[in-house]
Amino acid sequence: MRKLMLAVSVAAGLAAMTGCNNSGMKDVREAMNEPMRQEREFMDQAIRHRSPDVQRVDLIGNTVVYTHIFDGIIDVKTYTYDGDVCVEAERVYTFPTQMRALRHYRNAIEKAELYDNIQLFNNEVKYDLKDAQYKLETKGLTKEQLKEKFDHQISKAKAEEESCKDCVKKEMKHHKK
């Protein structure tokens, strides 16, 4: 009888631990997918509102994700870090048409000295930047510093865009007179 009670207790304990692990793993998976869900939502809104030029930088775990949407093209660069050193960079372009993706794919093949693992999937072109290329971009920068660098570039581009809009408005007013 004791052995039966011990076996039932062990089985109940294992079932309880398995139940905890599954719900715990579900929470972990949901937490890991949250940044990706936010990124998808951001991109969907930018595309839906036909934003002419949208740029964003996110720090997700050990990666810096730079997203640039322009002329219907989605350009996503992902820099993966090990500690404070970038160890890999991947770039994925999503084009509005397969023909435009094919043109970009051919162009990337012609510049194969810069890229590895060049792939074409329907309207998407994906490749890895060669070590020399991404190290040139990230040399001496931690992931936080790289994010800051991209944030600075984005603010500078937005300021220039606003300046251009002001110039156009002034020019239009001048011609109306």
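What share of the contacts in the protein with a separation of 6 or more comes from residues 24 or more positions apart? The figure is 39%, where a contact means heavy atoms within 4.5 Å. The model is a predicted one, in which local features need pLDDT of at least 70 and side-chain atom pairs count only at pLDDT 80 or more, while totals for chains, interfaces and linings use all residues. Residues are numbered from 1 along each chain as its sequence is written, and side-chain values use heavy atoms, with hydrogens and water left out.

Four helices and six strands make up the list of elements, taken as DSSP runs numbered from the N terminus (helices are H or I with at least four residues, strands E with at least two). Starting at the N terminus, their order is α-β-β-β-β-α-β-β-α-α. Of the 177 residues, 26% are buried, meaning under 20% relative accessible area with a 1.4 Å probe and protein chains only; exposed means over 50%, and partly exposed lies in between.

Now for helix α2, which covers residues 98-110. Its 13 residues reach 18 Å from first C-alpha to last, close to the 18 Å expected at 1.5 Å a residue; the expected span is 1.5 Å times one less than the number of residues. Buried in α2 are A101, H104 and A108. They sit on the same side of α2 because they cover an arc of only 65° around the axis, the arc being that of the directions from the helix axis to the C-beta atoms. The buried residues of α2 pack against β4 (85-94), β5 (115-121) and β6 (124-129). On the face turned away from that buried side are the exposed residues R103, R106 and E110.
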